[in-house]
Each structure stands twice: as C-alpha cells, then as structure tokens.
Amino acid sequence: MDETVAEYIRRTVLKIPRDEIKTMLQKWGFLSETQLQTVNFHQIKENISQDVVQLCEENSADIKQAAVLDIIYNHIYPNKRVWSVYQMNKTGEETEFFDLTEFKKKFKRRLRSALKNVTINFREYEDNAIWIRIAWGTPYTKPNQYKTSYVVYHSQTPYVFISASVLKSNLPLLCQALVVASNYRDIREMELRSHSLNSLKDIVFKRYSQNFQTYNPRPLQERNVAPESADLRIIQENRNEKERIQRVNQKVFGDGPQPKIEFAQYKLETMFKSDPKMDVLDKKEPFRCLVKFSSPHLLESLKSLAPAGMADAPLSPLLTCIPQKARNYFKIREKKGFFPGSFVSP
Amino acid sequence: HLATSLPLPSERDHLRPRIDLIVFMIDIKSKYSLQNVEASLAHVDANFFLGKVCFLVTGVGRVNYCSVETNAIWKLGEVYCSPVLFCELELEGIRVATAQRLLRMLQICAGHIPGVSALSFGTLMRNSADD
C-alpha cells in the first residue's frame, strides 16, 4: 500500500471522535467485521489509527477507498466546512430524466479533459443527494488529498452546495463540469454561505417554518403567553406591549426553529448623512462601510432580541428577510430617484 | 409593578396603588437600556426625586461586556439627585442582598420606619457614595 494512502487514512481516522470510529468504519465497509473485532477501540486514538492502517495494509487499500472514508466523515460532520450555494439555470425546455451514470461520466470526462491530476469520488445518499469529492492537483503534480472540494447536488433541484478548498482557482472548472454533466445552461453563485449544510438546504428548499398569512383580524384570545412568574404580587404594566412583540415576532419568524447561519454581511455604498454643521465629508461620494453580524446562531438571536428588550419590534427587514431572500450577503446602494433611501441590489 | 418604560399605560391608572419608590434598572451591557431610562425619566414628576428614585445598574459582573460608561451613570445619579446601586443578577447571593437593600429603601420611602424620611435617607446614601 502506498505510503501517502496509509498516512491519509491514519489522519482521517484521527479526525473522528473516538466513540464514533467503529461505526464509521462499519459504514465504510472496507474492513470486514472480523477484522474490526481485532481492534481495541478503547485505547488512545493514536494507537487505534495505527491498528486501522495495519488492517488496511492487509486489504491493500488504495486512494479510492480512502477517499470514500473521507466522504463518509464529511457527510456526518459537514459543519466543519463552509458551504456556498449555487443555482443552475436551464434553457427552459422539457425536464429530462436524470441519469446518474451519464452524469458521473460527463462530469469526470469534463474535469479530466482540463486537468488530468484529479481524484474524483461519488457517493449517493437516500435523500437524492449526490456527494462528489474532488482532490486537486496541477498539470505537474499529483492530486493533493488534503486540498479537497466537496459538492452536494440534489438531482431533482437546480441547487448545488459547494465547499471549496483554498484553491479557488479551480472553482470555474468545477462549475463548468457541473453544468455540462447536469445538462443545465449556466450556474451562478448565490449570496448565501454557512457552516450548517442542512440549514442551507432548509433555506433554499423552503423547509423551515414560514409564516403563512392567515386571516385573523384579532389575535386569538385563548393564546396565553405563559406567565413569567406565578407570584400574583408582580404586576406587568406593559403586558399589552409584550404580547404585541410576541405577535410581531411570530409573524416575522414563524413558530419553528430557524435555519442556522453564522454571519450576515452588509456592504454599504451609501452616502454619509451627517449633520450639515458637522461638515465631515464635503465630497459627495459614497461612504464605503461593511457591517457584519456574527453569532453561533444568528437567526435565533435576532428572534430573541425584541422579547429580551434589546431592540424594538419589528426588526429591520434587512435582517428578517434573510431566509426568504435566501441570502446573507447584501450590497446596499443609494436609491436613485426622488426618494432618498437605500435599496438592496439583487 | 414591572414596566419596560414610562409613561405607564393609562388604562390601568385606576388599578394602581400609590407609588413609593421607582427603581430604574440599567443593564450595563446595553446602551439601549440607558437610552430607555433617560427617555423615561422625563415622565417622572419632580417630587419623586426627593429620595423616591434610585438607579440600579445590573450586569456588572461581566466586565468584558460593558457597553455603558460608569461615568455616564454617575452623572445621571448626580443630575437627578438619586443614589446608584450596582449589582449582578446572575449571582444568587448578590441578587438576594440587593433585594434586601431595595426592600429596606422601600420601607423608608413608604414611611414605615419612624424617624427616617425618604429625603434624609437619600441624602445619606449619596454622601456616603462620595467618599
């Protein structure tokens, strides 16, 4: 077995939390059950990985099998990577029957015709997701297994989720191969990025709980905001206001859990509006400024701002439109026309 | 009675008892909280500032998250001639001690302690803070 393959397998096993190693190796299926029985999964990870490499040596593992283990790891822990969303456009004609073998063939052919040194692996999952792992090389060097890009494509949708590696220069080639293989016309990057792959899917497939307009002129009387304390000596003077905030929040955010994104970025290219007496900028050019919101779970924290008394309800639509518009990177320019204000570019 | 801002909603006026003490809570982690208190102060009758108003600053335990300058708060206390208390609600011991202090102040302001008036107690608190 190749030295580099052994090292790669060893490093991949080390990434896995110790309690999960056995299950993941079983999913991989490259080592037999009897072989797995011989490994003590309670020793330190360093030793476990050595034992696993030993067994792989016996089975003569090659890079293709090692790559499958890597896909399995990334499928279970996708949140370690940052994912961007891309949307493909068809010419608008009939929807063709999706042929998986054709797709794989065309993809590999297209990619290899431009760059010989790539390792390409596919793995299909039950939810119609096709995972593609690509390790990039250069015309002169072998593929670097540690510089990989991942693509998740749901064949019934025009959306592709890509986690590119540091080698951004290969992105156009990757996009081209996807378009050709899937019979679409072009592909564009959406302004939507996050660590949580499932949340990105929730947003573009509209799987999160949305607010549906129901005709209800007065709020339902039975809806009881749970009393914060059973002590009757505490009287909430602003109960009406609190309930209004709850209603507005529910209208905007819906009832269910929010998709998980970590950032929202607003690039402002608007004019600086200052007190005329301050005379800060006499040149009338746009004041370039970047506002970035970050949080372990941005949408949930926005949802709890008004009830916590930290912001007025309703919040700015620039913040609340994130799931509906399926974007978290915005460019705000000056609105040209009679009404001063700002307008969000598409 | 808990309120998020002043003035109090007028529809409950008839249900409210006499107000003996107003405690304005400022969260040191939120500038919004200070702004809210400053805006609400404008709605308080001048008579309350004779010892029946107090500022309670919360969240002082988390030094890294302070958004409001303590100078601004001291100044507020000076301008409105009212004492400023600091506390940390997340710690049970301090929470209980602060509650006991406020309760004591309330007893004085309501006139339940003979010989001590709200005004004299307020002056006492402010003078000791200057040391």
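The side chains of K104(A) and E124(A) form a salt bridge with an N to O distance of 3.3 Å; a salt bridge here is a side-chain nitrogen of Lys or Arg within 4 Å of a carboxyl oxygen of Asp or Glu. K104(A) belongs to helix 6 (residues 100-114) of chain A and E124(A) to strand 2 of chain A, so the pair ties together parts that are 20 residues apart in sequence. Helices (H or I, at least four residues) and strands (E, at least two) are DSSP runs, numbered from the N terminus. K104(A) is partly exposed at 22% relative accessibility, and E124(A) is partly exposed at 37%. Buried means under 20% relative accessible area, exposed over 50%, and partly exposed in between, with a 1.4 Å probe and protein chains only.

The model is predicted: local features need pLDDT of at least 70, side-chain atom pairs count only at pLDDT 80 or more, and totals for chains, interfaces and linings use all residues. Residues are numbered from 1 along each chain as its sequence is written, chains are lettered from A and ligands numbered from 1 in the order in which they are written, and side-chain values use heavy atoms, with hydrogens and water left out.

## Chain A

Chain A has twelve helices and ten strands. Of its 346 residues, 41% count as buried. Among contacts in chain A between residues at least 6 apart in sequence, 66% join residues at least 24 apart; contact means heavy atoms within 4.5 Å.

Over all chains, the structure holds 19 salt bridges. The table lists some of them.

| Pair | Closest N to O distance |
|---|---|
| R10(A) and E7(A) | 3.1 Å |
| R12(B) and E237(A) | 3.7 Å |

D127(A) lies in the loop between strand 2 and strand 3 (129-136) of chain A and K201(A) in helix 8 (residues 197-204) of chain A, so this pair ties together parts that are 74 residues apart in sequence. D127(A) is partly exposed, with a relative accessible area of 41%, whereas K201(A) is buried, at 4%. Salt bridges that share partners also join E7(A), R10(A), R11(A) and E46(A) into one network.

An α-helix has 3.6 residues a turn, so residues three or four places apart point the same way. R10(A) is buried, with a relative accessible area of 18%, and E7(A) is partly exposed at 27%.

Strand 2 (residues 118-124) of chain A also holds N121(A). N121(A) is buried, with a relative accessible area of 6%. A polar atom of its side chain lies 3.3 Å from the backbone oxygen of K64(A). Leaving aside neighbours within four places in sequence, N121(A) is in contact with residues including K64(A), V68(A), I71(A) and W131(A).

## Between the chains

Eleven residues of chain A and twelve residues of chain B take part in the contact. The area buried between chain A and chain B is about 1000 Å², with carbon and sulfur atoms giving 45% of it. I235(A), E237(A) and N238(A) supply 58% of the area that chain A buries against chain B, more than any other three residues. Buried area is the accessible area (1.4 Å probe) that two parts lose on being put together, summed over both.

Two salt bridges are found across this interface, and one of the pairs is R12(B) with E237(A).

## Helix 1 of chain B

Helix 1 (residues 31-41) of chain B has the buried residues S33(B), L34(B), V37(B), S40(B) and L41(B). They cover an arc of only 130° around the axis, which puts them on the same side of the helix; the arc is that of the directions from the helix axis to the C-beta atoms. These buried residues pack against strand 1 (22-27), strand 2 (53-58) and helix 2 (70-79) of chain B.

## Backbone geometry

Most residues other than glycine have a negative phi, and most peptide bonds are trans. A cis peptide bond joins A313(A) and P314(A), with omega about -5°. P314(A) is in the loop between helix 10 (298-305) and helix 11 (317-320) of chain A. In chain B, the peptide bond from L6(B) to P7(B) is cis, with omega near 5°, and P7(B) is in the segment before strand 1.

S60(A), which is not a glycine, has a positive phi of about 50°.

Conventions: A polar contact is a pair of N or O atoms within 3.5 Å; within protein, one must be able to donate a hydrogen and the other to accept it, and residues adjacent in sequence count only if both atoms are side-chain atoms.
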